[in-house]
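I opened this entry to keep track of what I looked up, in the order I looked.

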Amino acid sequence: MVNNKYKRRQLFVDPEVQGALVLKTALYWVMCVVAIALMLLCWRIVTGPARMFHTHFEDMWFQFGPALLASFLVLPLVIYDILRMSNRFCGPLFRLRRSLRALARGEPVAPISFREGDFWPEIAQEFNALLACLQRGVPPSEPQTADESSAQQVA
């Protein structure tokens with residue numbers, strides 16, 4: 001069970017990224033519906049008896065209209081799920097960005113931690129290690145290449 005103290009209160013934390021994901025999801029839904037409708041129309045024309053073109057649309061609406069409406073009703077659930085999933089990476093980046101800005105302004109910054117289930121928990125650990133070095137006044141060590149680290153292990 002998730003502790004309510006650590007639940008996110010805001011679902012839409014990064015309008016640029018999450019808005020783009022919602023827009024793409026809706027666009028993919030529209031493209032899927034159009035593609036299916038065109039395939040069904042072509043199938044009906046090729047396999048069915050010869051008749052006026054507009055009657056195919058009337059028949060298709062009667063046969064497949066309920067499925068279209070059902071997919072339209074499911075779309076908000078899919079968008080909500082996309083927002084919840086994207087919150088697992090937008091939320092941590094939002095927290096990291098906020099701490100980096102405070103650090104750049106010279107304000108005191110506490111170590112950060114991400115919620116359980118968030119993506120990239122190692123970023124919080126790396127930020128906290130950097131923060132500890134900065135607070136001690138010790139410059140962070142130079143990153144080592146794979147060749148340098150293996151040479152140190154051999155020596």
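Entry 1: I began with Ser-99, which is buried at a relative accessible area of 9%. The model is a predicted one, so I count Ser-99 as buried because 9% falls under the 20% limit. I then looked up where Ser-99 sits, and found it in helix H2, which covers residues 53–104. Which residues does Ser-99 touch, leaving out those up to four places away in sequence? I noted Val-109, Ile-112 and Phe-127.

**Entry 2: the chain as a whole.** I listed the secondary structure next and found four helices and zero strands. Along the sequence I read the pattern as α-α-α-α. The chain has 155 residues, and I noted that 21% of them count as buried. For the accessible surface I wrote down about 12000 Å², with 67% of that belonging to carbon and sulfur atoms. I also looked at contacts with a separation of 6 or more: 58% of these are between residues 24 or more positions apart.

**Entry 3: aromatic pairs.** How many aromatic pairs does the structure hold? I found five. One of them joins Phe-89 and Phe-119, with 6.3 Å from centre to centre and 45° between the planes, and I logged this pair as tilted. The pair links distant parts of the chain, since Phe-89 belongs to helix H2 while Phe-119 lies in the loop between H2 and helix H3 (121–136), 30 residues apart.

**Entry 4: around Phe-119.** I followed Phe-119 to a further partner and found an aromatic pair with Trp-120, also tilted, at 6.5 Å centre to centre and 50° between the planes. I recorded Phe-89, Phe-119 and Trp-120 as one aromatic cluster. What lies over the face of Phe-119? I found Arg-88 there, at 4.2 Å from the ring centre.

**Entry 5: recap.** I have Ser-99 down as buried in helix H2, and Phe-89 in helix H2 as well. I have Phe-119 down as a member of the cluster with Phe-89 and Trp-120, with Arg-88 over its face.

Terms used. Residues are numbered from 1 along each chain as its sequence is written. This is a predicted model: local features need pLDDT of at least 70, side-chain atom pairs count only at pLDDT 80 or more; totals for chains, interfaces and linings use all residues. Side-chain values use heavy atoms; hydrogens and water are left out. Helices (H or I, at least four residues) and strands (E, at least two) are DSSP runs, numbered from the N terminus. Buried means under 20% relative accessible area, exposed over 50%, partly exposed in between (1.4 Å probe, protein chains only). Contact means heavy atoms within 4.5 Å. Accessible areas come from the Shrake-Rupley method with a 1.4 Å probe; for residues, only the protein chains shown count as cover. Rings of Phe, Tyr and Trp (its six-membered ring) pair if their centres lie within 6.5 Å; planes under 30 degrees apart count as stacked, over 60 as edge-to-face and the rest as tilted. A charge sits over a ring if NZ of Lys or CZ of Arg is within 6 Å of the ring centre and within 35 degrees of the ring normal.
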